[in-house]
Amino acid sequence: MRRSELTGGQGTVIPVFGPDGDDGVAGLCAWLEGERGALAGLLREHGAVLLRGFGVRAPIDFERVAQALEPDLKNEYLGTSPRDALTTYVFSASELPPYYPIPQHCEMSFLREPPRRLFFSCMVAPQGGGGETPLCDFRRVAAALDPAVKERFVRGGIRIIRNYNGPAGGGRFDLWKLKRWDEMFQTHDRAVVEEKCAEQGFVAEWGPGDKLRLISEQEALRAHPETGAVAWFNHVQVFHQSAAAAELRRIHDRQHDLRSLLLTQVARLVSGLRRRVSDPEALPMHCTYRDGREIPEADLEHVREVIWRNLVAFPWQQGDVVAIDNFSMSHGRLPYRGPRQVVVAWA
Ligand SMILES: [Fe+2]
């Protein structure tokens, strides 16, 4: 295999492997199976590896590649993004509208046992800029945070509030089109939902209009289960009610287009209105410290600055496969236009 590298952020290096000759999917899978130990070492060190140019065309090809590296793939998803199943273990990465920014996060960081590894593959590359899946080494973020800000997060912990509509709740205009609780838990049975919530330590509260409120807590930092390296590992930059506006502002600074400017203004307006009229407990998604105190906006901004300084964003090429150590490296999505298909698997 040919080895090169991608660099970005503040010293992040992502190893890239490409074919030497005409290795296709079968050749790649055989190589991955033989090199599993070495690749696990690279993932531990760098947080991600990119496999490029092997002719991965269909979700089933990607499933074979991911399984060659990680035989024990999983398929239960308790995240917020709408996703469609494409094979037993491959899903569309997100069915959220293309204009929606997905800030950096480690996959399902709020679960008791988050995925260890995550795989993305590009079936259809977006054209004309945007649509990247930027990565960020959250170990570097943890190390670069201002000690006083970090201390407040470590002592405060994080409380996540999420409010979901249900199947009987009727249609409500929802700019971000988040899933309903029956879609998230794959059942209409409230007892099953409660059981799954108990497994994850979520407090589930049923409300009028078939609504479900989930309250969960997490630490701000987490040590890697194998290396012990401490990473920023939480969903505050996704679930805080100010997240979309703050993310869009940075995207506008990067993309300089009218659409991101307009979206920034809309998101800022919605966020400002919600802050004034809503009880924080009733917001679609929000985060506070564990005791319910609001997290200072300046601290959130500092975290976002550090994350954006450490981003590695590269344009997708059709057939790319990225393997990610979910306890070290976060991912997100930049807005795009036109066709784009990125698929995901995890273990
Ligand atoms: Fe994700």
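Which residues point one way from β15, and which the other way? Val 321, Ala 323 and Asp 325 point one way from β15, whereas Val 322 and Ile 324 point the other way, and all are buried, where buried means under 20% relative accessible area, exposed means over 50% and partly exposed lies in between (1.4 Å probe, protein chains only).

This is a predicted model, in which local features need pLDDT of at least 70 and side-chain atom pairs count only at pLDDT 80 or more, while totals for chains, interfaces and linings use all residues. Residues are numbered from 1 along each chain as its sequence is written, and side-chain values use heavy atoms, with hydrogens and water left out.

**β15 and the seven-stranded sheet**

Five of the five residues of β15 are buried, so β15 is largely enclosed by the rest of the structure; helices (H or I, at least four residues) and strands (E, at least two) are DSSP runs, numbered from the N terminus. β15 belongs to an open sheet of seven strands in the order β1-β2-β3-β15-β6-β17-β4, with mixed pairing, and two strands are said to pair if DSSP finds at least two bridges between them. At the edges stand β1 (2-8) and β4 (91-92), each with a single partner strand, so one side of each is left without a neighbour in the sheet. Helix α3 (residues 59-69) packs on this sheet and touches β3 (48-51), β6 (117-124), β15 (321-325) and β17, and its direction makes about 155° with that of β6. Contact here means heavy atoms within 4.5 Å, and the angles run from 0 to 180 degrees between N-to-C directions of axes, which are lines fitted to C-alpha atoms, for helices over the stretch in contact.

The pairings listed below involve strands of this sheet and of a second one described later.

| Strands | Bridges and sense | Partner residues |
|---|---|---|
| β3 and β15 | four, antiparallel | Leu 51 and Val 321 |
| β6 and β15 | five, antiparallel | Leu 118 and Ile 324 |
| β4 and β17 | two, antiparallel | Ser 92 and Val 343 |

**Two aspartates in loops**

Asp 320 is found in the loop between β14 (311-312) and β15, and it is buried, with a relative accessible area of 0%. Its side chain is joined to that of Arg 52 by a polar contact of 2.7 Å, a polar contact being a pair of N or O atoms within 3.5 Å; within protein, one must be able to donate a hydrogen and the other to accept it, and residues adjacent in sequence count only if both atoms are side-chain atoms. Leaving aside neighbours within four places in sequence, Asp 320 is in contact with residues including Leu 50, Phe 120, Cys 122 and Pro 315.

Asp 23 lies in the loop between β2 (12-18) and α1 (25-34), and at 27% relative accessibility Asp 23 counts as partly exposed. Not counting residues up to four places away in sequence, Asp 23 touches Met 1 and Phe 54.

**The iron site**

The protein donors of the iron ion are His 105 (NE2), Glu 107 (OE) and His 331 (NE2), which lie 2.1 to 2.2 Å from the ion. Donors are N, O and S atoms within 2.8 Å of the metal (3.2 Å for Na, K and Ca), and water is not among the atoms, so sites may look incomplete. The donor residues are spaced H-x1-E-x223-H in sequence. His 105 counts as buried at 9% relative accessibility, and Glu 107 counts as buried at 3%.

In helix α5 (residues 147-156), Val 149, Phe 153 and Gly 156 are buried. Seen down the axis of α5, its buried residues fall within an arc of 80°, so they line one face of the helix; the arc is that of the directions from the helix axis to the C-beta atoms. The face turned away from this buried side carries the exposed residues Pro 147 and Arg 155. The buried residues of α5 pack against β8 (158-164), β12 (230-232), β13 (285-289) and α11 (297-309). Asp 146 caps the N-terminal end of α5, with a side-chain oxygen 2.9 Å from the backbone nitrogen of Ala 148, and α5 is followed by Gly 157, whose phi is positive, near 60°.

Strands β8 and β13 also belong to an open sheet of four strands in the order β9-β10-β8-β13, with antiparallel pairing. β9 (203-207) and β13 stand at its edges, and the twist averages 20° from one strand to the next.
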